Amino acid sequence: MMSPFVLYARPQYETLVDPDELSISKDKSADTNKTNYLNVLKSVEELVQEHREKVELESHSRLKRLVPNIGNFFTELPLTKAFEMIDNKHAIAARRFVPPSFNDIRRILNLAQVLAIAPQLKLITFDGDMTLYADGKDFEHNSNLVGLLIQLLRHNLNVAVVTAAGYGDETEKYEKRLSGLLKGFKESDLTPEQLERFYVFGGECNFLLQLKSNCKLVYIQETEYLPNGVRDWSDDDVVSFLNCAEKNLRRCIYSMNMPATVLRKTRACGIIPNEGVKISREQLDECVLSTQAHLFEKQNKYDHPSELKKNTRVNPKVAFCAFNGGSDVWVDVGNKSIGVQLLQRYLKAGPEHTLHVGDQFLSTGNDYATRAACCTNWIVNPEETETMLTHLVEC
Ligand code: IMP
């Protein structure tokens, strides 16, 4: 007997609609849109190129005048080529009522960056949560990213996870978070040299670990990679800094009546929501911004007589990162810019040879700092990381 499903399986319009009869023709506005978008992107490409040349000459570019706080571009950006590739797939120019969105632009910039850096890439660093795996979860073995990261190592690239998650030298805690990936490495045909090109920088820039050929992580002593003058603060400086951060985080919990507790670590202090509670983004951002402001104010007053008396000084040398982790807030000693730069120095890779991939590029996020140290890709979830890596390995 014929299944009733068959009646629905073949859409009826296939036989009923004749495109000639309806005279469906390609919308001309798509071509006009495409030409306009390409013209705009060509101009931006030229602005970026001029900016790069002017930075070398230490003079001001047109882009600098338009966007005074613009940073450096470590490679050129082939935006028109990236747009053509994305438009072929997502038909951005064919949209008549919805103009290119923030996300469209972010994806065009990401692809342009991947196209530019691919031939010269030496070091690729990844944020952890929401970039390689879901928030607070472990790296799963069945993730497509396992195979893609193996391909990167097979291309003899240095690969590192630069994460805020800080567990000191407790290697087994990092191994647990990365368990699915490490299992994939173990099952792979990677050589010992390739495996040893995989690193983890925990606590932003505080705890460096390297993979060994038995697929176990080994803690690297600071003396092996830390030059003088970087992370240049004493243990006492760290304690006073964290005391000050903790005090403000507690004040936030109290004043906004937040159902949360404070967790203090050796190089970090955070606000953790109580079991089963979700704190609003606005409240988390308020904690970040008010703590940032409080710490900067304290650092500015370092030599002020009233601070000397109370012994509550915060050394301005202490670099830090206060950020909204999506469901929690953290203040870490150091930041990912330092983490990436230490890796670059250790692995002999310049900013134009380094790409950092992360999801936290707003000013309250902890990937933002890497923009000063290397090229970046701003993704919003592990699926987007997969898409960008697929492009990268195809280049
Ligand atoms: P990332 O996105 O890989 O940089 O990890 C950020 C998340 O790591 C935060 O949102 C926290 O949930 C978690 N985490 C665990 N330990 C720490 C720490 O010591 N400092 C900051 N974040 C931490």
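User: What makes the space taken by the ligand a pocket?

Analyst: Welcome! This is a predicted model, in which local features need pLDDT of at least 70 and side-chain atom pairs count only at pLDDT 80 or more, while totals for chains, interfaces and linings use all residues. Residues are numbered from 1 along each chain as its sequence is written, and side-chain values use heavy atoms, with hydrogens and water left out. The ligand takes the space of the second largest pocket. On a 1 Å grid over the protein atoms alone, a pocket is an open set of points with protein on both sides within 12 Å along at least five of seven lines, whereas in a cavity a 1.4 Å probe fits but cannot get out; lining residues have an atom within 4 Å of a point. A molecule sits in such a space if more than half of its atoms lie within 2 Å of its grid points, so the ligand counts as sitting in the second largest pocket.

User: How do you know how much space lies in the second largest pocket, and what lines it?

Analyst: The second largest pocket holds about 690 Å³, where a volume is the space filled by probe spheres set on grid points joined across faces, edges and corners. It has 32 lining residues, with Asp129, Ala165, Arg177, Asp328 and Trp330 closest to its centre. Strands E7 (268-273) and E9 (329-333) each give two or more residues to this lining, and E7 gives the most, three. Strands here are DSSP runs of E with at least two residues, and helices are runs of H or I with at least four, numbered from the N terminus.

User: Which residues are closest to the ligand?

Analyst: The ligand is surrounded by 16 residues, and Asp127, Thr163, Lys265, Asp328 and Asp332 are the closest. A residue counts as near if one of its heavy atoms lies within 4 Å.

User: How large is the largest pocket, and which element gives the largest share of its lining?

Analyst: The largest pocket has a volume of about 1100 Å³. Its lining has 34 residues, and those nearest its centre are Ile70, Phe73, Leu77, Leu109 and Arg371. H7 supplies the largest share, seven residues.

User: What lines the largest cavity?

Analyst: Tyr133, Val161, Thr163, Ala165, Tyr167, Tyr174, Arg177, Leu178 and Val200 line the largest cavity, which holds about 50 Å³.
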